[in-house]
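This report looks at some loop residues and their backbone geometry. Please keep the sequence and the model in view while reading.

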Amino acid sequence: MINLEILNPAQREAVLHTDGPVMILAGAGSGKTKTLVTRIMYLLEELKISPFQVLALTFSNKAAREMRERVSAEINMDIGALKLTTFHSFCSNVLRSEASYIGLSRNFTIYGDSESKAIVKTLMSRHGISPKETSPFEILRYIDNIKNNGHYIGREIVNPAVVDPEDEFYTLYQEFEAELAKANAVDFGGLITGVIQLFEKHPDVLDRYCKRFKYVLIDEYQDTNRAQFTLMEKLSSVQRNICVVGDEDQSIYSWRGADIRNILDFEKIFPDAKLIKLEQNYRSSKTIIEAAAHVIGNNELRKGKSMWTENPDGEVIHIKELGSDKDEAAFISQEILSLSDSGVEFRDMAAFYRTNSQSRILEDYLRTNHIPYRVVGGVKFYDRKEVKDLLSYVRLVVNSRDSLALSRIINVPTRGVGAVSLRKIEDLAVQNSVSLWKVMEDIVDNPDNYKHIRLSAKVKSSLRSFVSLIQEVCLLNENKAKPSAIYEKILFESGYWDHLRASSDYESQARMENLEELQSAIVQYESDAEDPSLLGFLETITLDTTKEEDDQNNGQVSLMTVHGAKGLEFHYVFVTGAEENLFPSFQSVEEGGERIEEERRLFYVAMTRAMERLYITFAQGRLLFGQVKFNGPSRFLNEIPEHFYSWDKPTGNRSNSSFSKSKGNDWDEVSQAVNYDEPVFEVRSVVVTAKYPKGSRIRHAIYGEGSVIQSDGSGSDEKVTIKFSDGSRKKFMVKFAPLTII
């Protein structure tokens, strides 16, 4: 029997209202996960719904794992059939089951960011696009944006503002999709759009899934993009028992496709939806909650909640104004030491920053003071070179059409198959419309047919050895050999292990340890999986976006971006760099409107991570990108009522602070506007406007007329991206470019 008495009235209503569309607005620290888990248990145990008929989707394997463990621990039944997983894992599973419907093989590879970037760089080279003029990431963002909005090749264009076939990048998008298809691969966005395509092209398949999943639950709904919204809408189109749980005030991922409209428009799509608000906070002190509520209340794009708590008032918020970024880092370090001396554990403290670059000086001071710390969100284990190398061998064994994996490891370790030889083989593959692996196999099997490409005896010998190894490993895989045994054969017979062992330096030793750890990961996977396979292992690690560091805090202070802090909580929190043009960011200040609202949501997230004590720090002057900037306090500080904070200024007057008049004219401009002897917020820093703002019509002495489509920085730092009349896009440093306004 499920104990509903442990829930507050709103949580209980969220559990019991099971039929029809429901949107649960769950404020920060309001017991969202407990409510969602209890709702799933209620469906299974009280309503006797089969686990086979319940689908619960979230955004990280870690969150899915934790919810499954909590459900499993509380109810006495086998929940093996319960689909409690991530969006991408669910879509991958659907595509593997229904691959033939959309022209895929079931053993398709899932490409991550690095593989996608490699494809884009190849396409740029093919089109003669210089990375100096156009960043590969700009093209990847364009492609991601198309997919985040649910578009696929052949689909009717729903949003012309996003999908414009006349845009020069659209051709690159089409070629990118063709390269994926050729490699029997799908990228992350393609997992979602692939299922949308499947459901739209084959209504009978959609009907089958709709009838299976009687109840659909979506966690972290504010993080969904338009494609995920479309998928959710289709899956719930028959039963209509859709329950979404989220918080529009914590929607902070628009830069990766999250669309706040999914929450704001939910009741338009489902007019009969029940709206339930979880407004009681169990995490933070009353002071922190009420102060944060005042800040977020300034946003217009929200449904509206009145967060409250029965927790004690707690301490006032400590706003600390420092002379410089060095002073800020020194203060935080000393305060951490003081807290530690008073008995606070290092693991209970965290410092957040708006951008990763801010961590450097803070790390310097923590090291100097011998304070143990961890940077959450560093290079992940599976992104390390040697790990990616060995996984490329595995990918090739699983999917021989994965030419990207083959190109990466054909000469790793060095076999004498250099760039020139590889280019010859690649050209043959393109000419004959076959995979790179197919050509290599044919060169080994029928060498007389390839005399014209003039490969050296050494290259031919190396290819024979390599092809023979991969063929042997493929045979092992087909015969269901243990993944760990296959990995071990690759590691040692490829020569990779001996290559590292031949070098006695620290880096090689660390790489060997990482490859041993990879072996351990495969063994662990084998013990957890019902039917372990290389394909299953690859899918498990590719789709697991959890930060590995999150659960590995062995008594360290945590450093992270505010984005990385979402979902976490700490007793003592330092929110650093609360300055205009830094938090909110310069780009947000320039654009205003919705960009500022998202920055405010980010500030709200930062504040509500703190349980007991919240510090907010800012510097009068900060070294950014090689220049000292004097930005003044963030506008968000002005939105905190005075009775919620204490304001601590630098000792002495301005001339005694870390930055004096000798630092330059910037200080003189700010000093005229801001009296640092008074704790006021109204005056903003002096902002130098762009010479060529977005939308300007210009003429370039060489390229002719065009329009500014992006403008960053100001003064001597101003950079612009211009789209010219012939459709080309180019970036310039304004101070060097021969530009005139038309």
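Lysine 480 is exposed, because its relative accessible area is 70%, where exposed means over 50%, buried under 20% and partly exposed in between, computed with a 1.4 Å probe on protein chains only. Lysine 480 sits in the loop between helix H20 (457-478) and helix H21 (483-493), and although lysine 480 is not a glycine, its phi is positive, at about 65°. Helices (H or I, at least four residues) and strands (E, at least two) are DSSP runs, numbered from the N terminus.

Histidine 370 also counts as exposed, at 70% relative accessibility. Histidine 370 belongs to the loop between helix H15 (359-368) and strand E11 (373-375), and its phi, near 55°, is a positive value in a residue other than glycine.

## Basis of the values

The model is predicted, so local features need pLDDT of at least 70 and side-chain atom pairs count only at pLDDT 80 or more, while totals for chains, interfaces and linings use all residues. Residues are numbered from 1 along each chain as its sequence is written, and side-chain values use heavy atoms, leaving out hydrogens and water.

## Cis peptide bonds

The bond from valine 412 to proline 413 is a cis peptide bond with omega near 0°, and proline 413 lies in the loop between helix H17 (403-409) and helix H18 (419-432). The peptide bond from phenylalanine 583 to proline 584 is cis as well, with omega near 15°, and proline 584 is in the loop between strand E13 (570-575) and helix H26 (586-591).
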